[in-house]
Amino acid sequence: MNENVQGKTFLLVMGILMIISGAFSIIGAGCVVAGGAVLAAAYLDAGVLVVYGIFAFIAGALTLVAGIIGCIKAGKPGKATICVILAIIVIVLTIISNIIYWSGASSILFGVALPVVYLVAAILKK
């Protein structure tokens, strides 16, 4: 039996970190959407803020799902192809949400870092 223990552990750890990151992203995105709704109710232009919050919420939810699936796939033999696909989707959504609400290149870099390492972990799981 040829198990890739390092790949299993790496994917499990990254899955746990993705779950934590996804939970915080969902909470933060909810606050952004709520704040945008309050500003819109005060007749201020907050459309971009609400759109950013929606993209951030979707990215956070997919990050959470990717983390859960990563933890499940880490314990099972075989490749984690679904984890690779989810990681790519999360990376793209994170970049899009950061472009919509430009908060600097460091925000994109740090926002994409965890999904990229998760992607590497999913690829290493053989």
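What follows is a short exchange on the labels used for this predicted model.

Colleague: What makes up the secondary structure of the protein?
Modeller: Four helices and zero strands. From the N terminus on, the order is α-α-α-α.

Colleague: Why is Val13 called partly exposed?
Modeller: Its relative accessibility is 42%. Buried means under 20%, and exposed means over 50%. Val13 lies in between, so partly exposed is the label. Val13 sits in helix H1, residues 5-41.

Colleague: How much of the protein is buried?
Modeller: Buried residues are 30% of the 126. The label applies because their relative accessible area is under 20%.

Colleague: How much space lies in the largest pocket, and which residues are closest to its centre?
Modeller: The space comes to about 310 Å³. Of 21 lining residues, Ser25, Ala56, Ala59, Gly60 and Thr94 are the closest to the centre.

Colleague: Which helices supply the lining of the largest pocket?
Modeller: H1, H2 (47-74), H3 (81-100) and H4 (105-124) each give at least two residues. H1 has the largest share, with seven.

Colleague: What classes of residue are in the lining of the largest pocket?
Modeller: Eleven are nonpolar, ten are polar and none is charged.

Definitions and conventions
Residues numbered from 1 in each chain as written. Predicted model: local features only at pLDDT ≥ 70, side-chain atom pairs only at ≥ 80, totals over all residues. Heavy atoms only, no water. Buried < 20%, exposed > 50% of the residue type's maximum accessible area, 1.4 Å probe, protein only. 1 Å grid on protein atoms, 1.4 Å probe; cavity = no way out; pocket = protein on both sides within 12 Å on 5 of 7 lines; lining within 4 Å. Points joined across faces, edges and corners; volume = space filled by probe spheres on them. Nonpolar A, V, L, I, M, F, W, Y, C, P; charged D, E, K, R; others polar.
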